[in-house]
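Reader: I have a few things to go through here. Could you put it up first?
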Amino acid sequence: ALPRTVRSIRKLYEKGEPIACMTAHDYPTAMLASKADMDVLLVGDSLAMVALGREDTNTLTLDEMIHHCKAVKRGSGRSFVVADMPFGSYELSPQHALKSAIRMFREGRIQAVKLEGGREIAPTIAAITSAGIPVVGHIGLLPQRQAVTGGFTVQGKSEETARRVFEDALSVQEAGAFAVVLEAIPASLAQFITSKLQIPTIGIGAGHHCSGQVLVQMDALGVFDRFRPKYVSVFSFIETNICRFVRVYDEIGKRAQAALSTYRDEVKSKTFPSEENSYDLKEHEKVSLAK
Ligand code: KIV
Ligand code: NA
């Protein structure tokens with residue numbers, strides 16, 4: 001089978017086949033998702049939290065993002081790779097954004113960039129797409145702007161804000177984005193937007209009427225104990241019962257930790273390594289160093 005492209009993603013959308021998207025932040029997470037035949041891998045800036053242990057996404061630099069893009073690209077197989085433009089790499093002007101996007105495209109080898117924002121970012125989306133770099137929009141909840149919006153809450157609940165989210169969707173489409181992420185908006189609004197747009201919507205906390213879905217891999221795999229108060233993720237607001245949109249498909253964190261404890265205990269008790277984990281020589285091959 002051929003690698004995915006903007007065209008093949010478009011074909012899925014036209015067929016009405018949901019687009020499966022999952023984040024990846026390094027070689028192994030990319031390999032796992034691409035072997036699971038994911039349509040799209042997203043090098044989300046959530047990696048600042050889930051791979052680097054930072055408090056939010058805003059300290060991630062363009063150089064750091066490119067470093068992660070390269071690793072993901074090596075493990076991406078047939079999956080289509082989209083990467084987030086980090087905070088500070090695209091806001092100053094469309095030219096500034098284009099320069100950053102070109103670096104991500106050429107150095108990071110990713111196939112599309114994603115930018116947070118609606119109508120205010122439309123000229124930027126237009127500049128990047130007209131230079132030949134595919135763009136995915138991102139509207140609704142915007143984690144990079146949490147300092148202004150005051151945290152993580154569902155967007156577009158009132159008629160006025162819902163209209164604004166819809167208008168943002170139209171602006172992003174008009175500017176040339178080939179898909180748009182809808183984050184943390186009511187399912188009914190996501191359904192309405194999906195029915196009105198002519199590009200696929202990729203939902204996260206946006207119900208099942210979107211053209212596709214995305215989750216953060218570390219959340220979906222249950223790598224972190226999400227109830228540990230120190231675990232700060234874009235998605236920790238789910239625990240404040242606004243919306244529980246992550247489905248945890250496995251408890252990989254617990255299983256990995258148990259495996260590591262077993263290893264540690266076996267080192268302490270000298271049950272690892274055993275003979276079968278060791279190299280040994282046949283009797284006649286043995287050399288004597290005792291001289
Ligand atoms: O950074 C990220 O992982 C994201 C999504 C989950 C949409 O932007
Ligand atoms: Na992101």
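Reader: Start with Ala184: buried or exposed, and why?
Author: Ala184 counts as buried because it has 25 C-beta neighbours inside 10 Å. The cut-offs are 20 or more other C-beta atoms within 10 Å for buried, 12 or fewer for exposed, and partly exposed in between, with C-beta atoms placed from the backbone.

Reader: Before I go on, what am I looking at, and how is it numbered?
Author: This is a predicted model, in which local features need pLDDT of at least 70, side-chain atom pairs count only at pLDDT 80 or more, and totals for chains, interfaces and linings use all residues. Residues are numbered from 1 along each chain as its sequence is written, while chains are lettered from A and ligands numbered from 1 in the order in which they are written.

Reader: Back to Ala184. Where is it, and what is its phi?
Author: Ala184 sits in the loop between β6 (179-183) and α9. Its phi is near 50 degrees, a positive value in a residue other than glycine. Most residues other than glycine have a negative phi, and most peptide bonds are trans. Helices (H or I, at least four residues) and strands (E, at least two) are DSSP runs, numbered from the N terminus.

Reader: Which residues are around ligand 1?
Author: Around ligand 1 are Thr23, Leu42, Gly44, Asp45, Ser46, Asp84, Val181, Glu183, Ile204, Val214 and Val216. The criterion is a C-beta atom, placed from the backbone, within 6 Å of the molecule.

Reader: How does that shell divide?
Author: The shell around ligand 1 has 5 nonpolar, 3 polar and 3 charged residues. Ala, Val, Leu, Ile, Met, Phe, Trp, Tyr, Cys and Pro count as nonpolar, Asp, Glu, Lys and Arg as charged, and the others, Gly among them, as polar.

Reader: Helix packing next. At what angle do α8 and α9 cross, and within what distance?
Author: Helix α8 (residues 159-174) and helix α9 (residues 187-196) cross at roughly 30 degrees, and their axes come within 10 Å. Axes are lines fitted to C-alpha atoms, for helices over the stretch in contact, and angles run from 0 to 180 degrees between N-to-C directions.

Reader: Which residues meet there?
Author: Ala162, Val165, Phe166 and Ala169 in α8 meet Leu189, Phe192 and Ile193 in α9. By class, this contact of α8 with α9 has 7 nonpolar, no polar and no charged residues. Two residues are in contact if their C-beta atoms, placed from the backbone, lie within 7 Å.

Reader: And how do α4 and α5 pack?
Author: Helix α4 (residues 62-74) packs on helix α5 (residues 94-108) at an angle of about 35 degrees, with the axes 9 Å apart. Residues Leu62, Met65, Ile66, Cys69, Lys70 and Lys73 of α4 meet Ser100, Arg103, Met104, Glu107 and Gly108 of α5. That contact of α4 with α5 has 5 nonpolar, 2 polar and 4 charged residues.

Reader: What covers the buried residues of α6?
Author: The cover includes α5, β4 (112-116), β5 (135-140) and α8. In helix α6 (residues 122-130), the buried residues are Ala122, Thr124, Ile125, Ala127 and Ile128. After α6 comes Gly132, whose phi is positive, near 100 degrees.

Reader: Changing topic: which domains does the assignment give?
Author: It gives domain 1 (6-251) and domain 2 (254-285), with bounds from an automatic or database domain assignment. The centres of domain 1 and domain 2, taken over C-alpha atoms, are separated by 42 Å.

Reader: What is Lys270 doing in the segment after α11?
Author: Lys270 has phi near 60 degrees, a positive value in a residue other than glycine. Lys270 is exposed, because 8 other C-beta atoms lie within 10 Å. Pro273 is in the segment after α11 as well, and the peptide bond from Phe272 to Pro273 is cis, with omega near -5 degrees.

Reader: How far is Asp280 from Ile204?
Author: Asp280 is 54 Å from Ile204 in space, C-alpha to C-alpha, and 76 residues away in sequence. Asp280 lies in the segment after α11 (252-268) and counts as exposed because it has 9 C-beta neighbours inside 10 Å.

Reader: Last one: how many helices and strands are there in the chain?
Author: The protein chain has 11 helices and 8 strands. Its C-alpha atoms fill a box of roughly 85 × 40 × 40 Å, taken along the principal axes, and buried residues make up 43% of the 291 residues.
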